[in-house]
Amino acid sequence: MSGPERSRRVPDEKRELFKEPFGSLITENDLKKMNGKIITVGDVVSLIVNRHGIIPDISVYDGMTERRETTEFSDLVKNEGRITDEVVNPAGMITAELVNAVRNALSGTEKRTIRVIGEEDLATLPCIILSPVGTNVIYGWPGKGMMLIITDESVRKRAEQLLNEMEEIP
């Protein structure tokens, strides 16, 4: 993910590849032991992490949980006046706009929030690929809980392989 990005879409015949869990299941107690940079992807995960007094370096959310509107994290972001970028990212895609927002958020020193108009599920991939080694990327696994990925070269390679399974959109 260097240079100008193209948007990508998951082909229907490869959807199953993107349903495999990535990382390890964690509990709320595990949050207290985290060190270093933290990125959250998903409304519920972002809310839980914030409730534990941790403001992630980046939170990516879309105002939905399991296809139902959820406003609790959106309200928290608004009430605290957090720096927020809005990007469009339809379901089953990773848009260049989303990748650039993640890249920009990682290049700054302030904590950032990225509100996705569409769906943020695949945002985990650019977060893994672009973040420094040792970053804690936490995302929601519907019906299971929170998943943690600590970035390293092997994790980054797996994320890049998944990204390469997606078709580029001109």
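A residue is taken as exposed when its relative accessible area is over 50% and as buried when that value is under 20%. In this predicted model, Lys 33 has a relative accessibility of 60% and therefore counts as exposed. Lys 33 is found in the loop that lies between helix α1 (28-31) and strand β3 (38-41).

When neighbours within four places in sequence are left aside, the residues in contact with Ala 105 are Ile 58, Arg 112 and Ile 114. Asp 57 stands 48 residues from Ala 105 in sequence, whereas the C-alpha atoms of Asp 57 and Ala 105 are 8.3 Å apart in space.

Turning to the strands, an open sheet is formed by three of them, arranged in the order β8-β1-β12 with antiparallel pairing. The edge positions are taken by β8 (93-94) and β12 (167-169), each of which pairs on one side only. In general, the strands of a sheet pair through backbone hydrogen bonds, in either a parallel or an antiparallel manner. Strand β1, comprising residues 7-9, is joined to β8 by two bridges, and these two strands run antiparallel. Within this pairing, Arg 9 has Met 93 of β8 as its bridge partner.

Note on methods. Residues are numbered from 1 along each chain as its sequence is written. This is a predicted model: local features need pLDDT of at least 70, side-chain atom pairs count only at pLDDT 80 or more; totals for chains, interfaces and linings use all residues. Side-chain values use heavy atoms; hydrogens and water are left out. Two strands pair if DSSP finds at least two bridges between them. Helices (H or I, at least four residues) and strands (E, at least two) are DSSP runs, numbered from the N terminus. Contact means heavy atoms within 4.5 Å. Buried means under 20% relative accessible area, exposed over 50%, partly exposed in between (1.4 Å probe, protein chains only).
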